[in-house]
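Take a look at the chain below. We will walk through it step by step.

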Amino acid sequence: MPMLEQQIIIVTGAASGLGRAAAIRCATDGARLSLVDVNRAGLDDVKAEVIASCAKADVLTVEADVSSEDQVRAYVEQTVARFGGVDGFFNNAGIEDRQATTQDVDGAFFDRIMAVNARGVLFGMKHVLKVMATQGHGRIVNTASALGIRGAGRQAGYTASKHAIVGLTRNAALEYGALGIGINAIAPGAILTPLVESSLRQVDPHDWQAAASTFVAHNPMRRLGTPDEVASVVAFLLSADAAFVNGAVIPIDGGQSAQ
Ligand code: NAD
């Protein structure tokens with residue numbers, strides 16, 4: 001039987017990058033999907049891609065900003081109204097910051113990145129966990145980052161927000177493990193998505209691939225990761241095969257964090 005057969009899975013940040021790849025992977029593994037993003041056109045494109053790769057896929061799309069608790073509550077309610085519950089939650093939407101050192105951090109942007117990355121993940125868990133606690137089962141994967149477990153020396157706001165996600169994950173895992181709910185985080189290194197490409201363009205506006213070569217040179221596998229390589233780990237963590245994995249922060253980084 002496919003790994004996620006008939007599982008009801010919410011994916012936030014589903015219109016691009018890691019969320020898009022996870023949506024396609026989960027549908028291929030048999031899941032019914034609720035795809036959430038601020039980008040309506042992107043959601044429509046990904047829904048079409050999901051159905052193209054898996055004709056029988058059952059897909060709801062919800063336009064929502066994860067930094068708004070009202071909109072988070074609404075996407076959870078719409079998912080439950082359509083499918084009757086939530087089995088898995090890929091709590092993934094996020095934004096990057098400018099390549100700013102600590103003394104350059106802009107207050108308004110710091111508040112925004114914390115609102116999307118940390119508050120969005122927290123309120124996503126809050127409202128999904130109400131459903132999962134009633135059901136007595138569920139699995140959550142929060143997207144942290146390699147910069148949730150170490151610093152990079154140039155992205156104060158992003159690093160703070162991703163460390164917050166690691167803390168929120170470990171805290172919630174301790175709270176909900178006894179109810180049969182597994183909550184973990186992934187810590188991807190540099191994965192080639194639109195977000196990373198735009199970040200590399202900030203480092204070198206004329207030649208982002210030259211900027212990427214710095215990452216590649218410092219990676220034990222000498223390359224960037226792909227969204228599909230993250231999606232396969234997410235699908236595993238959302239599945240019953242990972243039933244006893246709880247409170248873990250899993251690097252997906254070609255071994256970078258082992259250095
Ligand atoms: P991406 O920009 O390709 O996709 C992010 C998606 O999130 C977009 O579709 C965007 O519209 C959506 N989004 C942004 N703000 C939102 C909001 N307020 N509400 C709802 N949706 C919103 O980026 P990605 O690389 O796929 O990143 C996905 C997640 O992975 C992020 O949390 C990011 O920090 C994390 N991450 C990425 C990498 C990487 O190398 N790509 C590494 C570590 C962590």
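This is a predicted model: local features need pLDDT of at least 70, side-chain atom pairs count only at pLDDT 80 or more; totals for chains, interfaces and linings use all residues.

Residues are numbered from 1 along each chain as its sequence is written.

Start inside. A nonpolar core is a set of buried Ala, Val, Leu, Ile, Met, Phe, Trp, Tyr and Cys residues joined through C-beta atoms within 7 Å. Buried means 20 or more other C-beta atoms within 10 Å, exposed means 12 or fewer, and partly exposed lies in between; C-beta atoms are placed from the backbone. The largest nonpolar core has 71 residues, and Ile9, Val11, Ala23, Cys26, Leu33, Val128 and Val234 touch the most other members. Helix 4 (residues 107-135) gives the largest share of this core, nine residues. Helices here are DSSP runs (H or I, at least four residues) and so are strands (E, at least two), numbered from the N terminus.

Now the helix pair. Helix 6 (residues 194-203) and helix 7 (residues 208-218) pack at about 100 degrees, with axes 8 Å apart. Axes are lines fitted to C-alpha atoms over the stretch in contact, and angles run from 0 to 180 degrees between N-to-C directions. The two helices are therefore roughly perpendicular, a label for angles of 65 to 115 degrees.

Last, the backbone. Gln6 is not a glycine, yet has a positive phi of about 65 degrees. Gln6 sits in the segment before strand 1 (8-12). Arg222, also not a glycine, has a positive phi of about 55 degrees. Arg222 lies in the loop between helix 7 and helix 8 (227-238).

Definitions and conventions:
Angles under 35 degrees count as roughly parallel, over 145 as roughly antiparallel, 65 to 115 as roughly perpendicular and the rest as oblique.
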